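I opened this model to look up a few residues and ring pairs. My entries follow.

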Amino acid sequence: YKVKNGVIDVIYNASLDKMSDISYKGARLGLVKLKRQVSAKTRKIGDMIELTEYSYGADFKQGYEEIIKGSGKFKKINGKYKLTVIEGTTKTNAPAALLGFLEDRLRGGIFNGNLSYDFLNNSLKGNLSINNTNFKGYKVKSASISAQDDKININADGTYQNEPFRASIILLNSLTSDVKIKYLDLYLKRYVFSIKPDKKTKRRFHIPKKPQNLTVNADKFILMLDEFKKDNIFLENIKLEGNVVNNVIYFNIKDTEFAEGKLFADGVYDFNKQDISVDFRAQNISANEAGYQVFNLKDHFEGLTNAKLHADIKNNFKTLNGCGSFEINDGELVKIGSVEFIVRRSKKKRPFVFSLSDIVKIDDKLVKDKSSNIKGDFILENKQVQNAKIYMQNDLVSLYLEGSYNIENEYADLKMWGKYDKKTEGMIKVFKIPLGLITKFLFDAKEMSETYVEKILKIPFVKGDKDDLKTFMIFLKGYANNPKSFKVEFQRLK
C-alpha cells in the first residue's frame with residue numbers, strides 16, 4: 001500500500017488452497033485441484049481506479065506457471081466502484097471457467113487468446129479459441145471466437161448426442177439479455193428423438209428453455225440434419241430455415257426426404273410458452289411407408305399419396321393434437337382386405353367364413369385395372385386417431401370407412417359402407433362365386449335407416465345407373481396389424 005502525491009498504489013496477493021475458488025459475475029478461477037495464486041496492482045487517482053496489472057497462475061507438477069495476465073479499469077457508479085473494462089492474454093491453457101462472465105453454462109475445457117470486455121457497453125473485442133468444453137449438451141471439441149466492432153463471429157465443432165455437429169454464428173456485439181443473432185448455420189449428422197432417457201446413453205430430448213428475462217432475435221438461421229428419427233419416423237436430408245422474433249421461431253422445411261417422397265413444413269415455435277404449431281405437406285410419398293412411420297400401420301396401403309397434417313405440440317412433445325388429410329391415386333387397401341371373418345345373420349345355419357378381400361379385390365382375369373382412388377381425413381389427439389373418414393373408389397366397388405384407431409396399441413374400431421354395380425357382380429367374387437349370388441342367398445337384407453342413408457350418401461361414385469347399385473355395410477373391431485383379431489359383421493342393405 002503506497003500513497004504519493006494523492007496517488008494510491010495497492011498491491012494484492014492471494015493464495016488459494018485446493019478445493020477453494022473465487023467467483024465474480026459468473027467467472028471462476030477453476031483448477032480447484034491445484035494450489036493457485038492471484039496477484040494484482042491498482043492505482044487510484046481521484047475517483048478513477050486503474051487495474052494496472054493482474055496475474056493468475058497455478059502450481060503444476062513442473063512448478064508454478066502463469067496462466068493469464070492483463071489489466072482493467074474501475075469506475076465509481078452510484079457511489080460504488082465497479083469493474084468497467086477487463087483485458088487479458090493467456091500465457092498457457094486457461095480454464096474455460098474464467099469466461100463465466102461471458103457464458104456461465106460452459107462446463108470444463110480450456111481457452112487461449114486475448115480479450116477485452118467492456119462491462120458498460122457489454123461488448124467484446126479480441127480472439128479466442130476454446131477446446132473440449134460442454135455447452136448445454138453440446139460437447140465442443142473446438143471453437144474460435146473473433147470479436148471486432150459491431151459483431152462477433154463464432155465457429156465451433158464437436159458432437160451432440162454422440163453425433164458430429166458444426167456451427168457458424170454471427171452475433172451483434174452486445175452481450176445483453178437481448179440476444180441478437182445476425183446469422184446461425186448449424187449442421188448435425190443425426191438426431192434421435194426420445195422423450196424417455198435411453199438406458200445405454202442416458203440421453204433425453206430437451207427443448208432449451210428460455211433463461212429468465214432473455215429475449216432472442218435472429219435475422220436468419222439454417223439447420224442442416226442428415227437424419228432424424230423418432231419412433232418409426234425417419235427423415236433424411238433436412239434443411240430447416242427461418243428467423244426468430246422476440247423468442248418466437250418461424251421456420252420452414254423444403255424438399256426433405258420422407259417415405260420415398262418429399263416433405264415440406266411451415267411452423268412456429270414459441271420459446272415462452274414452449275408450444276409448437278406446424279403444417280406438414282407430403283408429396284408423392286409411399287402410402288405404405290408413411291402409414292407405418294406415422295401410424296404404425298404395417299402393409300395396409302399401396303400407391304403414392306399426397307398428404308397434409310396440422311399439428312399443435314405442447315409440454316415438450318407430451319401433448320400432440322392435430323388434423324390431417326391424404327389422397328392416394330391408383331392405390332389399394334391391402335391388409336384390411338385380408339381379414340377373414342364370419343358372416344352374422346346368415347341364412348345358412350352354419351357361419352359362413354370368408355375374406356373381406358374377396359369383396360374389395362377385383363378379379364385380375366376379368367379386369368386389368370383394379371386400383372382405386374383413396375382419400376381421407378382424420379383428427380389426431382396424442383396417440384389416438386379420431387373421427388377418421390376414408391373414401392375408396394374404383395369402377396366396380398366403392399367404400400366409405402369411418403372410425404377410430406389407437407396408434408400405441410394398434411386397436412381399430414371401424415364402420416364401412418360399400419356400394420357396387422350389380423351388373424358387374426360377376427367381376428367381384430367370393431371364393432370364385434359372384435358377389436351377387438352370395439348377397440342374394442346368404443345374407444338377409446336390412447332396411448336402410450336414416451342414419452345408414454346418411455352414410456351411404458358419402459360413398460364415392462360408382463359407374464352404373466342408380467337403380468343398378470347395391471349397398472352393404474361392415475363393422476369391424478380389432479388390432480389393425482393382426483387381421484385374425486378382427487371381429488367383423490357384414491350386412492346387406494335394401
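Is Asn 296 buried or exposed? I find Asn 296 buried, at a relative accessible area of 14%. My cut-offs are under 20% for buried, over 50% for exposed and in between for partly exposed, with a 1.4 Å probe and protein chains only.

I note that this is a predicted model, where local features need pLDDT of at least 70, side-chain atom pairs count only at pLDDT 80 or more, and totals for chains, interfaces and linings use all residues. Residues are numbered from 1 along each chain as its sequence is written, and side-chain values use heavy atoms, leaving out hydrogens and water.

**Entry: whole chain.** I counted 4 helices and 34 strands in the protein chain. Helices (H or I, at least four residues) and strands (E, at least two) are DSSP runs, numbered from the N terminus. Of the 494 residues, 41% count as buried. Next I looked up contacts, meaning heavy atoms within 4.5 Å. Among those between residues at least 6 apart in sequence, 47% join residues at least 24 apart.

**Entry: Asn 296.** I placed Asn 296 in the loop between H1 and strand S22 (301-314). Just after H1, Asn 296 takes a positive phi of about 60 degrees. Helix H1 covers residues 287-295, and its buried residues are Ala 287, Ala 290, Gly 291, Gln 293 and Phe 295. I then listed what Asn 296 touches, not counting residues up to four places away in sequence: Asn 232, Gly 291, Tyr 405, Ile 407, Glu 410 and Asn 481. With Glu 410 there is a side-chain to side-chain polar contact of 2.6 Å. A polar contact is a pair of N or O atoms within 3.5 Å; within protein, one must be able to donate a hydrogen and the other to accept it, and residues adjacent in sequence count only if both atoms are side-chain atoms.

**Entry: strand S20.** I looked up Asp 266, which lies in strand S20. Asp 266 is partly exposed, at 38% relative accessibility. Which side chain does Asp 266 join in a polar contact of 3.0 Å? I found the side chain of Arg 281. Leaving aside neighbours within four places in sequence, the contacts of Asp 266 also include Phe 251, Asn 252 and Ser 277.

**Entry: ring pairs.** How many aromatic pairs does a search of the whole structure find? I got 14. Rings of Phe, Tyr and Trp (its six-membered ring) pair if their centres lie within 6.5 Å; planes under 30 degrees apart count as stacked, over 60 as edge-to-face and the rest as tilted. Phe 101 and Phe 119 have ring centres 5.8 Å apart and planes at 45 degrees, so I logged the pair as tilted. Phe 101 is in the loop between S9 and S10 and Phe 119 in the loop between S11 and S12, so the pair ties together parts 18 residues apart in sequence. Phe 119 is buried at 15%.

I logged Trp 417 and Phe 475 as edge-to-face, at 6.1 Å centre to centre and 70 degrees between the planes. Trp 417 is in strand S29 and Phe 475 in strand S33, 58 residues apart. Trp 417 is buried at 2%, whereas Phe 475 is partly exposed at 24%. Last, I noted a cluster linked by ring pairs: Tyr 138, Tyr 160, Phe 165, Tyr 191 and Phe 228.
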